[in-house]
Amino acid sequence: MTDVVGVPLSTAAACTGCGAPRVLPVVCTECGTIFEIPSDAFELFGLARSWAVDLPSLEQRYDALSRAFREKSSARTDGLERSKAAVEALDAARRLLLDPVERARYLLTSYGGVEREKPMRKREFQSEVMEIDRAFTKARQEGDAARLASAVLEAEEKLASAIVAAGQSFTRLERSLSEELGAAADALAEARFWRRKVDELRAGLGG
Ligand SMILES: [Zn+2]
């Protein structure tokens, strides 16, 4: 069973401020007590860290959190400053999750990757850039509006395909990560079983 924003109710504890069930992990929707503001943008919204962000779910959670911060937390005597900070953190997290380039940067870093100034693995990158720059400069000199627009369009297409490529990489990474985690969990379960079994058999040796 889940509440309106999809947070499992069974895992929600009671609010330390008013005793109401904690519907959101971050803030009490009844009294506005702010429990914690996670620095992780996904965690703040209670979403799994993933390239794929469920937009309706993000917006629904944003509304619920934002309402609790603005209407409940800010009304508390101790709450105004914390509520402002919480709303700022919420807005920043939402912007990050909605912007594919920012989301990619965040995921890359969280996987231990390091940002680069320019692609190292794509040989043709430099010549692609030069080609578009040249086409744009020439079109501007000639006052050719159609060619100018098409140079911009071409750059937009490069942007779009780079975002698609990032998404494909993160999706593969998530899939293999979850498969390997599953394999590791199986191996661990089996190791635990055999450790008990070895103990049990050893104990039977003496008899
Ligand atoms: Zn409360």
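**Helix packing and core of a predicted model**

Helices α2 and α3 pack at an angle of about 170°, their axes lying 9 Å apart; axes are lines fitted to C-alpha atoms, for helices over the stretch in contact, and angles run from 0 to 180 degrees between N-to-C directions. The two helices are therefore roughly antiparallel, a label for angles over 145 degrees. This is a predicted model, in which local features need pLDDT of at least 70, side-chain atom pairs count only at pLDDT 80 or more, and totals for chains, interfaces and linings use all residues. Residues are numbered from 1 along each chain as its sequence is written.

**The α2/α3 pair**
- Leu 58, Tyr 62, Leu 65, Ser 66, Phe 69 and Arg 70 of α2 meet residues of α3 that include Ser 83, Ala 86, Val 87 and Leu 90 (contact: C-beta atoms, placed from the backbone, within 7 Å).
- Leaving aside residues up to four places away in sequence, Phe 69 touches Val 27, Ser 74, Ser 83, Ala 86, Val 87 and Leu 90.

**Nonpolar core**
- The largest nonpolar core has 16 residues (buried Ala, Val, Leu, Ile, Met, Phe, Trp, Tyr and Cys residues joined through C-beta atoms within 7 Å).
- Val 27, Leu 44, Leu 65, Phe 69, Leu 90 and Ala 93 touch the most other members.
- Two or more core residues come from each of α1 (41-44), α2 (55-72) and α3 (80-98).

**Whole protein**
- There are six helices and zero strands (DSSP runs, numbered from the N terminus: H or I of at least four residues, E of at least two).
- Buried residues are 13% of the 207 (buried: 20 or more other C-beta atoms within 10 Å of the residue's own, with C-beta atoms placed from the backbone).
- The C-alpha atoms fill a box of roughly 90 × 60 × 25 Å along the principal axes.

Terms used
Buried ≥ 20, exposed ≤ 12 C-beta atoms within 10 Å, placed from the backbone. Contact = placed C-beta atoms within 7 Å. Parallel < 35°, antiparallel > 145°, perpendicular 65-115°, else oblique.
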